[in-house]
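Morning, everyone. Please have the sequence and the model open while I talk. I'll go through it piece by piece.

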Amino acid sequence: MRPVNYNLEPNIDNPPDSAAVVQQEQFTPVLPVMKWSDESDVVRRVNNTKAGLGASAWSRDEAQARRIGGKIQCGNIWINTHAEIQPNVPFGGWKQSGFGIEWGVEGLKTYCGLQSVYVRLLEAPWATDEPWLQKDINLSF
């Protein structure tokens, strides 16, 4: 019996911008490696998708990778690494990659019940002559 090869080629070299591997989120060990001419070109192409969960920018020039990463429209950016997530750091997507945040303080806040209370004051409390009332009122705008 001949052995079966289950290994996947982990990257796809320079696929067209319209390819599914470029336009859709990847939840497999597949990485589209795309060539680009300048920073504005790569940012435009990366942001021209409906997905926005995460992206990585790789470069020998860390400042360039950070600059490009800061312009990419997604919830998670990795510089010279990929998918290294930490539970104390917020994790969430942009665009069609989900709503809300998980993990970190921001993620914990999603489990809190927010309540807004609106009160129409019958009298303007700051116009009273009662010193005890003026002292206890805290208005913030």
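When I say that two residues touch, I mean that they have heavy atoms within 4.5 Å of each other. Keep that in mind for the whole talk. Also keep in mind that this is a predicted model.

Where is it? Arginine 45 sits in helix H2, which covers residues 39-47. Is arginine 45 buried or exposed? Its relative accessibility is 15%, and buried means under 20%, so arginine 45 counts as buried. Which residues does arginine 45 touch? Leave out residues up to four places away in sequence, and the answer is Asp17, Met34, Lys35 and Trp36.

Now step back to the whole chain. The chain has five helices and four strands. Read from the N terminus, the elements go β-α-β-α-β-α-β-α-α. The chain has 141 residues, and buried residues make up 23% of them. What about contacts along the chain? Take those with a separation of 6 or more: residues 24 or more positions apart account for 31% of them.

Back to helix H2. Which residues of H2 are buried? They are Glu39, Asp41, Val42, Val43, Arg45 and Asn47. Part of what covers these buried residues is H3.

So let's look at that pair. Two packed helices are described by the angle between their axes and the distance between the axes. Helix H3 covers residues 62-69. The axes of H2 and H3 come within 10 Å and cross at roughly 40°. Why call them oblique? Under 35 degrees would count as roughly parallel, and roughly perpendicular starts at 65. The crossing at roughly 40° falls between those cut-offs, so H2 and H3 are oblique to each other. Their crossing is right-handed. Which residues meet there? From H2 we have Glu39, Val42 and Val43, and from H3 we have Gln64, Arg67 and Ile68. That contact divides into three nonpolar residues, one polar and two charged.

Next, the backbone. Most residues other than glycine have a negative phi. Here are two residues with a positive one. Asparagine 80 is not a glycine, yet its phi is about 55°. Lysine 95 also has a positive phi, near 55°. Where are they? Asparagine 80 lies in the loop between strand E4, residues 76-79, and helix H4, residues 104-109. Lysine 95 is in the loop between E4 and H4 too. Asparagine 80 is partly exposed, with a relative accessible area of 32%. Lysine 95 counts as partly exposed as well, at 29% relative accessibility.

On to helix H4, where we find glutamate 106. Glutamate 106 counts as partly exposed, at 42% relative accessibility. How far is glutamate 106 from valine 89? In sequence they are 17 residues apart, and in space 8.6 Å, C-alpha to C-alpha. Glutamate 106 touches Pro90 and Ile101, again not counting residues up to four places away in sequence.

Last topic, the cysteines. Cysteine 112 counts as exposed, at 52% relative accessibility.

Terms used:
Residues numbered from 1 in each chain as written. Predicted model: local features only at pLDDT ≥ 70, side-chain atom pairs only at ≥ 80, totals over all residues. Heavy atoms only, no water. Buried < 20%, exposed > 50% of the residue type's maximum accessible area, 1.4 Å probe, protein only. Axes fitted to C-alpha atoms, helices over the stretch in contact; angles between N-to-C directions. Parallel < 35°, antiparallel > 145°, perpendicular 65-115°, else oblique. Left-handed = near helix turned anticlockwise from the far one by under 90°. Nonpolar A, V, L, I, M, F, W, Y, C, P; charged D, E, K, R; others polar.
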